[in-house]
Amino acid sequence: MRSVPFTADGLLEDLSGSEDLLIVQDLDGVCMELVHDPRRRRLDPAYVLAARRLEGHFAVLTNGEHEGSRGVNRLVEKALAGRADPAREGLYLPGLAAGGVQLQDRYGTVSHPGVSPAELAFLAAVPPRLAGQLRLHAPVLLPTLTAEERQPLLEAAVLDNPLSPSLNLNPLLQAMAGDVGRQQDLQVLALGLMQDLLGEAAAAGLQESFFLHLAPNLGRLDGRERLKPAEAGATGTTDVQLMLRGSLKEVGLLVLINQAIARRSGSPPLGESFNVRTAPHDHPSLLALARSAIDPALMPRLVGVGDTITSVPEPGGGGWMRGGSDRGFLTLLQELGEVFGTANRVVLVDSSGGEVDRPSLADGTFEGLSDPEDPLRIDATLPGGPQAYIRFFRDLAEGHGRDG
């Protein structure tokens, strides 16, 4: 069993009195259960109101999106329906979405720093293309279902996100439960369809605009994220997203820090126009940039909250394949704490209780999530999942309200 320094209560005590605090939090699997169809996600109104109390000390950092038919803003509106107007009362969740290219304040004002009209136009054409390709392959992928039975699964699989159109394989993988070979075929097909789009983008002069994000993944090889194949009892990669280059959570973390320091001091150390499209994209350069540009006296104490990290043995042994969409920003957050002498904390929420297959924290072994040689250290775990995190988050907000 791996030792973790803090329980939820211990973490609350540790963070109490930290005036210059910045909580950077993922969304799916952290403050809401993972589901096969994102249209069925739900946000707890108490969580939304607690986020408002932490104004200036809280930001989201997600590969999902604020806007669009399946955006988190729709979830906020549903959660507060009949109770509050989020646009008027400033109750939207502030921070970065689409990996860092969709910036929002608490009033729902959205901007896309560094994104061109040509890129937006290409992205808008992607969802209907993907829908058509899935319909074409559906009879082979799901031969036992009728066209009418397949249709809702296909509709749930294509996410028409404005900045990160995606294939959500969960409903299709569930329909193939028990047939690992067919599940792997679906994953290969989805990856191939998205790779074809990268080729089309290059032919249109947008060869430097996009990349593919796979969740969960097995880390990177030659600059590309590695597919996590389905296996018995584990579905592996469930989401394949076409994302704008620079949409990396670790880059987004620096954007959020830059904004937090600007609120406090009146001057952004990385510049007014700093964004994920113009920033360095490799981990060492991001750390070096922060070290050279940010006054240690102004660096906030950071708390990173996520649920998606992976670690599995390399085939044949000799190492580990580490990945997961939260690993990069949590690791950079940890290293920033070491460089700047701030007691940053990394919090991992157990998202295995939802509909989507994920490794569990219940036995304390971190199997599938971490390994004995993992440089990422987890400071606190919430085995109770999103509900436990929401309780912790509300308590933290109430304490901040009393103290601040």
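Analyst: Let's start with Asp 222, which counts as exposed because its relative accessibility is 73%. Here, exposed means over 50% relative accessible area, buried means under 20%, and partly exposed lies in between, with a 1.4 Å probe and protein chains only. Residues are numbered from 1 along each chain as its sequence is written, and side-chain values use heavy atoms, with hydrogens and water left out. Please keep in mind that this is a predicted model: local features need pLDDT of at least 70, side-chain atom pairs count only at pLDDT 80 or more, and totals for chains, interfaces and linings use all residues.

Where does Asp 222 lie? Its place is the loop between β9 and β10 (224-227). Strands (E, at least two residues) and helices (H or I, at least four) are DSSP runs, numbered from the N terminus. The backbone angle phi of Asp 222 is near 55°, a positive value in a residue other than glycine. Most residues other than glycine have a negative phi, and most peptide bonds are trans.

A peptide bond of the cis kind can be found here too: one joins Ala 215 and Pro 216, with omega about -15°. Pro 216 sits in the loop between β8 (210-215) and β9 (217-221).

Phe 366 counts as buried because its relative accessibility is 4%. Phe 366 belongs to the loop between β15 and β16.

Let's go back to β8 and see what it belongs to. An open sheet of four strands runs in the order β6-β7-β11-β8, with antiparallel pairing; two strands pair if DSSP finds at least two bridges between them. Its edge strands are β6 and β8, each of which pairs on one side only. β8 and β11 (residues 239-244) run antiparallel and are joined by six bridges. Along them, Phe 211 stands opposite Met 243 in β11. Helix α5 (residues 117-124) packs on this sheet and touches β8 and β11, its direction making about 160° with that of β11. Helix α9 (residues 180-203) lies across β7, β8 and β11, at about 165° to β8. Such angles run from 0 to 180 degrees between N-to-C directions, using axes that are lines fitted to C-alpha atoms, for helices over the stretch in contact.

Met 243 also leads us to Ser 164. Ser 164 is buried, because its relative accessible area is 0%. You will find Ser 164 in the loop between β6 (158-159) and β7 (166-168). Not counting residues up to four places away in sequence, Ser 164 touches Asn 63, Glu 65, Ala 98, Gln 241, Leu 242 and Met 243, where contact means heavy atoms within 4.5 Å.

In the largest one, of 77 residues, Leu 167, Leu 242, Ile 257 and Leu 336 touch the most other members. Leaving aside its neighbours within four places in sequence, Ile 257 is in contact with Leu 22, Ile 294, Met 299, Pro 300, Leu 302 and Leu 336.

Leu 336 is part of α12, and among the residues in α12 that meet α11. Those in α11 that take part include Leu 286, Leu 287 and Ala 290. The axes of α11 (residues 283-293) and α12 (residues 327-340) come within 11 Å and cross at roughly 35°.

β15 (residues 345-349) and β16 pair in the parallel sense over three bridges, and the bridge partner of Leu 348 is Thr 381 in β16.

Terms used
Core = buried A, V, L, I, M, F, W, Y, C linked by side-chain atoms within 4.5 Å.
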